[in-house]
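These are notes for a colleague who will work from the coordinates.

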Amino acid sequence: MSARIPLQPFPTGWFQVASSEELSTGGPLPLRCFGQDLVLFRTQEGEARVLDAHCPHMGAHLGVGGRVEQGGIRCPFHGWVISGQGVCVRIPYADTIPPKARIRCWEVRELDGVILVHHALGGEPPAFEIPPLPEARSTEWSPGMSKRWRIRTHVQETLENIVDPAHFVVVHSMPAPPRTEVEFEGHIIRSRSAVKQKGPGGQVVDGTITWEGHGMGYGTIRFTGIVELLFVNTVTPIDDELIDVRVAFWLRNDGALRLAQALAAEVCRQIEEDIPIWENKIYRPQPVLCAGEKGIMTFRKWSSQFL
Ligand code: FES
Ligand SMILES: [Fe+2]
């Protein structure tokens, strides 16, 4: 990747490592992200925890054959128990626990069905938090489908798509390019696009797409127009070649459910249209831009704070 996309692959911020649904068994689940092996599990108190994957004893992977039990996770190799804080709390055949018997415990947040881990290159603590979704606390909205893709690109490249008006016409067959305003404030970026959408009868309807990104890993995208729709869009670096892109939709209970589901399917179809472009393009640090494309450089200025 470094030759094709010379950007630091592992930005600072909150990144989704799983959905609450994927952890419904309590784990442990092996994770691969930021070029590292991690383990995710739910403690018996119900808290999602992420630790470095390899046991401090002789290096077994705690997410492959480990078991969640009272006090933490039991290593599949010699039965040491590592707490949710990453500290060895029990060795079945020894009374004294060596003080070095500990591994890294990552900052985790679980929010509206999304499990996030904080990553910082220098290991710094989180400088911001992800706000809860108002819609997830409203009786008017319900969770819809979710989907994940593993893609050979950089997280910045997929986000840049949102503020790239011209490609919507060429790649996604939108009737006209959106008019997009982009602004940022600290770690938050907001873009608002006025779009022309094709209605179910082929008529063209005015709508808006509003993106709010909290760091590079987590964002919400809201649609108005033909139908109201919301999705959480997360991007997670797996290693220096691959990322995960996830979408999790929220649908209005009183809205036109069929239309909302059709729009959600259309969003997924559009992501799939972008994939071959993302996987084969190079990153131009100084792109040659035209009128209406100013948002791309605003976006890059914002994203550079995390790299
Ligand atoms: S490697 Fe985990 S207990 Fe020995
Ligand atoms: Fe796109």
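Contact, as used throughout, means heavy atoms within 4.5 Å. The structure is a predicted model, in which local features need pLDDT of at least 70 and side-chain atom pairs count only at pLDDT 80 or more, while totals for chains, interfaces and linings use all residues. Residues are numbered from 1 along each chain as its sequence is written, chains are lettered from A and ligands numbered from 1 in the order in which they are written, and side-chain values use heavy atoms, with hydrogens and water left out.

1. Leu229. Leaving aside neighbours within four places in sequence, Leu229 is in contact with Trp141, Ile221, Arg222, Phe223, Phe249, Trp250, Leu251, Ala260, Leu263 and Ala264.

2. Nonpolar cores. A nonpolar core is a set of buried Ala, Val, Leu, Ile, Met, Phe, Trp, Tyr and Cys residues joined through side-chain atoms within 4.5 Å. Buried stands for under 20% relative accessible area, exposed for over 50% and partly exposed for the range in between (1.4 Å probe, protein chains only). The largest core has 49 residues, and Leu229 is among those with the most contacts inside it, together with Trp149, Trp211, Phe223 and Phe249. Helix α3 (residues 257-280) supplies the largest share of this core, eight residues. Because domain 1 (13-119) and domain 2 (134-304) both give residues to this core, it lies between them. Another core lies apart from it and has 16 residues, including Val17, Phe34, Leu40 and Ala48.

3. Domains. The bounds of the two domains come from an automatic or database domain assignment. The C-alpha centres of domain 1 and domain 2 are 33 Å apart. Their contact takes 13 residues from domain 1 and 14 residues from domain 2.

4. Val171. This residue is in the loop between α2 (165-170) and β13 (179-185). Helices (H or I, at least four residues) and strands (E, at least two) are DSSP runs, numbered from the N terminus. Not counting residues up to four places away in sequence, Val171 touches Glu273, Asp274 and Ile277. The C-alpha atoms of Val171 and Glu273 are separated by 6.7 Å, although the two residues are 102 residues apart along the chain.

5. Thr158. Thr158 lies in helix α1 (residues 155-160) and counts as buried because its relative accessibility is 7%. With residues up to four places away in sequence not counted, Thr158 touches Thr153, Val235, Ile243, Val245 and Trp278.

6. Sheet. Four strands form an open sheet in the order β5-β6-β7-β8, with antiparallel pairing. β5 (67-69) and β8 (88-90) stand at the edges with a single partner strand each, so one side of each is left without a neighbour in the sheet. Two strands pair if DSSP finds at least two bridges between them; β7 (residues 81-82) and β8 are joined by two bridges. Ile82 stands opposite Cys88 in β8.

7. Cysteines. A disulfide is a pair of cysteine sulfur atoms within 2.5 Å, and a search of the whole structure finds zero disulfides. Cys55 counts as buried because its relative accessibility is 6%; Cys268 counts as buried at 4%.
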